[in-house]
Amino acid sequence: MADCYDMIRTRGLRKTFPPNTVALDGVDLDIQPGEFVMVIGQSGAGKSTLLRCLNRLIEPTAGEIALNGSRVTGATPEALRAVRRQMGMIFQQFNLVKRASVMENVLAGRLGHVPGLPSLFGRFPRKDRELALSCLRLVGLEDFAERRADRLSGGEQQRVAIARALAQEPKVILADEPTASLDPMLTESIMGILQRINRERGLTLVVSQHMLETARAYGTRIVGLRQGRVVFDGPPGAITPGVVQALYEGGVS
Amino acid sequence: MTRSARRLCLGIGFLVLYGWFLSATEVSLSRFVRGLPWMADFLRRMVPPDLSVLSSAAVGALQTLQIAVVGTTVAALLALPLGFLSARTVVSQPIFYPARALLNFFRSIDTMVYALFFVAAVGLGPFPGVLAVVTYTTMTLAKLYSEAIEGIDQGPVDAVAATGAGRLQVLRFGILPQVVPLFASYVLYRLETNIRAATILGFVGAGGIGFYIQTYLRMINYPAAAAVLLVLVAMIMGVDFASSRLRARIV
């Protein structure tokens, strides 16, 4: 019956920041399992806010969010944790714990699954360690497991962050400008890994991306935001020069 | 008044104020020069140091070290809850402001004053020294801890929370790895300064090597005082060396 639900569903999603910034202004989205959604728009259009609202790292001001039929908005702390466990997140600044080892960073992805008390002492079940290692293997970094995270290059750190997200065994991966801190070569490599995860594992991806060409090349669906509103929603092929103009021209008013 | 005229007035004002401070503290070059022969005489009477008191000086030095180590470690632990309670990013304002005010109040009183207080309260010996070190160091470390906590990178904290981790797990995996090396470095630094502070605790009867320095100076036994000072310098240099090596490895 779970198939009846959208993977992600938002209704009237709104976020305002004091004193009077409207970051999201009534966003309705239905994202199906297995979609690779690229969220585009100018900086300040609300891309990051949208992604961070989906797992409530930012608390929405109004509106509803559901993940695979479970309420995200209004969820109790316990229920929110269960929902977050199903959504891996990747950040522009990688957000690894720099002084910790690569392995410890990836194991952090297991925190929602493992017994709480032993984890506080750094003890993880064997199968979770093996899973973490297999996630590192998938991003090609299994030999780096014992290195300190800040000894790695930017591209490698982002691959560790992807491994951390995969270690959650999530249904969805949210990626907030995952390549904005990386050069074009590394952008291809990171987007390629995300594409593989989408195609081979059937994970649903929601990725914000300020580079239109990259968004077009990898997304199966493009959502264009402007001033917190969805002004385009369709396949990459449907992006006409008129759509680009509507999204990017005239600056932020 | 123009900008430059105002600056001139301000400059003259500061000079007058500073001149007053100089005269109030009776600063006098000629008096210093007249004192030079006495300083030379003092130093001359210290050599050769009386090495027969080395063993009792070493006992005093060891006790100073023990006071500093026990006091600093107890303070390092007591400061943990206080540090989190006075971090702006962890607690809300009704907790933060009283906690900070408490720290600033007790931190403005020096270890030596606490020593006088605790000697009167629990009697002579190293124990009031430990209490004095604990009191002052807890407050300073809590302040340093709270600033370290406020200065952490929020990114990894968000990332750990986004995995579905609980509050304690976020603390353990997102916050602690960022602050623990800093905490350890602060504790070692405080240990170094506490050993210096503990050397004079003996002056007020709170144990350690200070007792010997003061006693020999009062008895006008300068060679013995010189030997005690040598032991003191050796101990402080040794601890500083070990501590800085350790700190370089942590951070």
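**Helix packing, pair by pair**

Author: The helices α5(A) and α6(A) pass each other in a right-handed crossing. This is a predicted model, with an ipTM of 0.89 and a pTM of 0.77. Chain B has an average pLDDT of 91, and 100% of its residues score at least 70.

Start with chain A. Two packed helices are described by the angle between their axes and the distance between the axes. Here α5 covers residues 126–138 and α6 covers residues 154–167. Their angle is about 135°, and their axes lie 9 Å apart. The two are therefore oblique to each other. An angle counts as roughly antiparallel only over 145 degrees. From α5(A), the contact takes A:Leu131, A:Ala132, A:Cys135, A:Leu136 and A:Leu138. From α6(A), it takes A:Ala163, A:Leu166 and A:Ala167. By class that gives eight nonpolar residues, no polar ones and no charged ones.

Now chain B. Helix α3(B), residues 54–85, packs on α8(B) at an angle of about 140°. Their axes are 9 Å apart. That angle makes α3(B) oblique to α8(B). This crossing is right-handed. On the α3(B) side, the contact involves B:Thr64, B:Leu65, B:Ile67, B:Ala68, B:Val69, B:Gly71, B:Thr72 and B:Ala76. Facing them on α8(B) are B:Val187, B:Arg190, B:Leu191, B:Asn194, B:Ile195, B:Ala198 and B:Thr199. The class count is nine nonpolar, five polar and one charged.

Helix α8(B) also packs with α7(B). These axes come within 9 Å and cross at roughly 160°. So α7(B) is roughly antiparallel to α8(B). This crossing, too, is right-handed. The α7(B) residues are B:Pro156, B:Val157, B:Val160 and B:Ala161. They meet B:Gln169, B:Val170, B:Phe173, B:Gly174, B:Ile175 and B:Gln178 of α8(B). Seven of the contact residues are nonpolar, three are polar and none is charged.

Across the interface, 19 residues of chain B contact 22 residues of chain A. On the chain B side, α7 (154–162) and α8 (167–199) each supply at least two residues. The largest share, eight residues, comes from α8(B). That side of chain B has ten nonpolar, seven polar and two charged residues.

Next, where the helices sit in chain B. The domain assignment gives domain 1 as 3–37 and domain 2 as 48–250. The centres of the two domains are 36 Å apart over C-alpha atoms. B:Pro48 lies in the loop between α2 (29–46) and α3 of chain B.

Chain A has backbone exceptions of its own. Most residues other than glycine have a negative phi, and most peptide bonds are trans. A cis bond joins A:Pro18 and A:Pro19, with omega about 0°. A:Pro19 sits in the loop between β1 (8–17) and β2 (21–31) of chain A. A:Asn68 is not a glycine, yet its phi is positive, about 50°. This residue falls in the loop between β4 (62–67) and β5 (70–71) of chain A.

Notes. Residues are numbered from 1 along each chain as its sequence is written. Chains are lettered from A and ligands numbered from 1 in the order in which they are written. This is a predicted model: local features need pLDDT of at least 70, side-chain atom pairs count only at pLDDT 80 or more; totals for chains, interfaces and linings use all residues. pLDDT is the predictor's confidence in each residue, from 0 to 100. Domain bounds come from an automatic or database domain assignment. Two residues are in contact if their C-beta atoms, placed from the backbone, lie within 7 Å. Helices (H or I, at least four residues) and strands (E, at least two) are DSSP runs, numbered from the N terminus. Ala, Val, Leu, Ile, Met, Phe, Trp, Tyr, Cys and Pro count as nonpolar, Asp, Glu, Lys and Arg as charged, and the others, Gly among them, as polar. Axes are lines fitted to C-alpha atoms, for helices over the stretch in contact, and angles run from 0 to 180 degrees between N-to-C directions. Angles under 35 degrees count as roughly parallel, over 145 as roughly antiparallel, 65 to 115 as roughly perpendicular and the rest as oblique. A crossing is left-handed if the near helix is turned anticlockwise from the far one by less than a right angle, and right-handed if clockwise.
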